[in-house]
Structure formats: structure tokens, C-alpha cells
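Student: Please take me through this model term by term, and set each value against the cut-off behind it.

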Amino acid sequence: MKTTIIALFCAFSLTGMAQQYTLDECINIALQNNRNIKQQELNKAQREIAYSQAKNDLLPSINASAGQNFVFGRSIGLDNTYQNTNSSQMSLGIGADITLFDGLRMKHNIDAKRADLNAAEADLEKFKDDIEISVATAFLQVLLQKELFRISNEQIQLTDSNLLRRKELIQSGKMAQGEIYELEAQRAREEQNKVQAGSNLKLALLDLAQIMELDDFSNFDVVTPPIESIINEGVLLSTSDIYQNALLARPEIKATEYRLQSSKKEVLMAKSQLYPSLSFGMNLGTGYYKMSGRPNDPFDQQFRNNMSNSLGFSLRIPIFNKFQTRNSIRSAQLAVANNQLEIDKVKIDLRKRIEQAYHNAVGAQSKWKATQKSEISGQEAFRFAQEKFDNGRANAYELFQAKSNLTQTLSDQAQAKYEYAFRLKILELLKN
């Protein structure tokens, strides 16, 4: 799943003192640090233990026992008569039993616990997908803010170039001093825009670093890949194709299907209580008896002489248990119906997300194409205004308007470009 996002963000570089991260590295760090992921991994571990125990229930159980009793006053002797004397008795034993048949309850329990484990694994994958989407969203937002900051810086450089030319004309006496005031005011406004763009970039980096749960992000930065390559290689599939692939691959669909399987096994487990159960057991025991005031055989002799063992079968036939079995079956059947409804809800929600993501991607694509055309006309309008300004046929305000329109067009284009890239990534994630 992760490779659908990160394959196009593979570059890694260092610039200045800041540590730069690729999207791949950002996602890996976020997956390692995220608390929700760690909790889900613990939940999966619990499911693994439950599944292991369900299989171990097929094994026999073996128990040892020991006891020591003291009797004061009248005690019963080995000849089965009571005497006025104290006595003590020690017993030792070991027993084993195994269930031979229980209506296949243990088998169904193993199947149910395996389905629960598979559902937990799918839930973990869903958590990871959500983190990847969050990181990818924040990462692309950082790239957008970098692009806007670059645009604002380029506009200042262009204004500085115009200011330099105007100052040279003023010094040579070819232009009045007042002609430069509007450009200086424009320069001040663009400096404010640059400061705001820098602040937005820092906030975007902070948001990404917090999603990654970094302890220290004072020198945090990201690698800037060529966004055009992402858009060129991205394919806008149809919603039906995406949905059909998602039904087979999405972890939230798999998780609900596994829970449905588990609930169906719970029904069979409840029905197994209607059948008789058969178990086999064996016991081995011995003991030592001592009565005060009379001779007693030694411990080792009594240990051998008092040895006894037994084998036996136990059959349990259910007749009436206060309707507990019937109600257990009904409850399990209701859980099956609820899980079936949950699958329908998840599928409907997934289809809705795909439809929305697709139309958002189509809208972003159309907007990006429109801004590309607007950039061409904006560049021409600014070039024409610059020529008129240089030839003295336009004032600084007209030049500023043309430049302001071009800056807005470039900003709109950057936003549309990154939004389209993000929408493509969302569709790729929903498909896989």
C-alpha cells in the first residue's frame, strides 16, 4: 500500500543545516512513532494469544494434587473403627483428562479466533493507511507552501530589478523622484507577502512533524521532488474500476468480512451446546496415614501399598439449562446480522469516498489546466505592461496590477497542481 504513494518521492538530499526527509522516510517515522499503531499492534498480539489458546484447548489437561489433614480427638483407623486418638493423613495424586467430543465447539472456536486475528491484522493495515494518507497530505501541503514561498521571493527579486533600473534613471535625470515611490510601496507589500508565506511554510512543516510525532523538529525539512512527474505518471481511473479493486484489497472491507466469519463461527459454537459432550480421564494417587498411640507402617511402604489408579469416561447430555443455549444462539445470530449490515455500511462509505475523491480529482485537474492557460496570458500581460512601463507609457500602478494578477495566477496554479497530485494519490490508495 505504501509503495503507491512513495515510489515517486525517492530522492534524498541535505541542504544547509536542516535535516531533509523524503516522503518514504516521513511515513516510516510516523508508523514507528504513532501511538494508535502501537495500540493496534498490542491488540493484534492479544488476538494471536487468543488464537494460540484456542488451539491449545485441544490438548489434555494434567494436574497434580497434594493434601495433609490433621484430626484431633476421635479418629477413624485403618480398621474403620473410631478411637480416641489423634491422627494425620497425607494424600498425593495426579490426574489427566481430555475432551473427546464437544459438538465441535473447540474447532469452531479455533476458526473464530483465527478470523478475529485476521480482522486485527486488517485493522492494523487500515491504521497504517490512514497514517500514510495523513502524512502524504501534510507532505504535499509543505511542498505547496514551499512553492508559494518561492513565487513570493521571485516577485520580490523582479521588483528589486525594476527598482534598480528606476534609480539609475532618476540619478541620470531621466525620471522624476516620485516615480519610484509606488514601486517601493509595492516592494513593501511583497515583503509582507513573503513573510506570510514563510510563516505558512513553517506551520506546514510543524504540522507534518507533529503527525510524525518527532521529539525535535527545530531543523526539520523535506525533500522537494518534481511534482510534475507525479501528475504525469498518475492515472485517473474510473470509479467503477477503483471500486472493484478496492472491494478485493481494502483492509476495512477485509476486516468486516473476517468479523462476519467470526460471528458465524460463534453461532456454531452456541449450537454445539445442544449436543452431548464426552471426555476421558485418568487418575493416579496414593497416601500416608499415621495414628498416634499405635504402630504405623513406614512412609515408603504405605506409599507403595496405598497406590491406586482409575480410568473413566464422562458423558454429559444437555436436557434443560434455563434456555441459556437457545438465547446464546439467538444472540450469536443477531451478531451475524449486525456484521452483515456493517459490511454493507463499509462498502457504501467506501463507494462514497471513491466517488468524492474521483470528482475532486477531476475538478482539480480541470482547475490546473485552466490555471496553466491563465499563466500564459498572465505572463504576456505582465510582459506587455513591463515594456510599456520601461518606455514610460504606463505608470507603476499599472505594472503593479499586472504583476499582482500574475502572482495570483501562479499561486492558484500551484494550489491546483498540488491538489490534483494529492487527489490522484488518494485514488491510488483507495484502489489498493
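**Labels and their cut-offs**

Student: Why is F323 called partly exposed?

Tutor: F323 has a relative accessibility of 44%, and the class runs between two limits (buried is under 20% relative accessible area, exposed is over 50%, partly exposed lies in between, with a 1.4 Å probe and protein chains only); F323 therefore counts as partly exposed. The model is a predicted one, in which local features need pLDDT of at least 70 and side-chain atom pairs count only at pLDDT 80 or more, while totals for chains, interfaces and linings use all residues. Residues are numbered from 1 along each chain as its sequence is written, and side-chain values use heavy atoms, with hydrogens and water left out.

Student: How do you know how confident the predictor is in the chain?

Tutor: The confidence is pLDDT, given for each residue on a scale from 0 to 100; its mean over the protein chain is 83, and 88% of the residues reach 70 or more. Residues 1-16 stay under 50, and the model has 47 contacts for them beyond four places in sequence, a contact being heavy atoms within 4.5 Å.

Student: Where does F323 lie, and what is its phi near?

Tutor: F323 is in the loop between β8 and α10 (324-390), where helices (H or I, at least four residues) and strands (E, at least two) are DSSP runs numbered from the N terminus. Its phi is near 65°, a positive value in a residue other than glycine. Most residues other than glycine have a negative phi. E213, in the loop between α5 (181-212) and β6 (220-222), likewise has a positive phi, near 60°, and at 24% relative accessibility E213 counts as partly exposed.

Student: How do you know that the charge of R351 sits over the ring of Y243?

Tutor: The charged end of R351 is 4.6 Å from the centre of the Y243 ring, and the term requires NZ of Lys or CZ of Arg within 6 Å of the ring centre and within 35 degrees of the ring normal.

Student: Which strands make up the open sheet, and what makes two of them a pair?

Tutor: The sheet has four strands in the order β2-β5-β7-β8, with antiparallel pairing, and its edge strands are β2 (61-71) and β8 (308-316), each of which pairs on one side only. From one strand to the next the twist averages 20°, where axes are lines fitted to C-alpha atoms (for helices over the stretch in contact) and angles run from 0 to 180 degrees between N-to-C directions. Two strands pair if DSSP finds at least two bridges between them; β5 (residues 87-101) and β7 (residues 277-291) have 14, and β2 and β5 have eleven, so both meet the limit. Opposite residues include S91 with G287 in β7, A96 with M282 in β7, and F70 with S88 in β5.

Student: Where is Q273, and which residues does it contact?

Tutor: Q273 is in the loop between α8 (251-271) and β7, and, leaving aside neighbours within four places, Q273 is in contact with P318 and T325. Its relative accessible area of 32% makes Q273 partly exposed.
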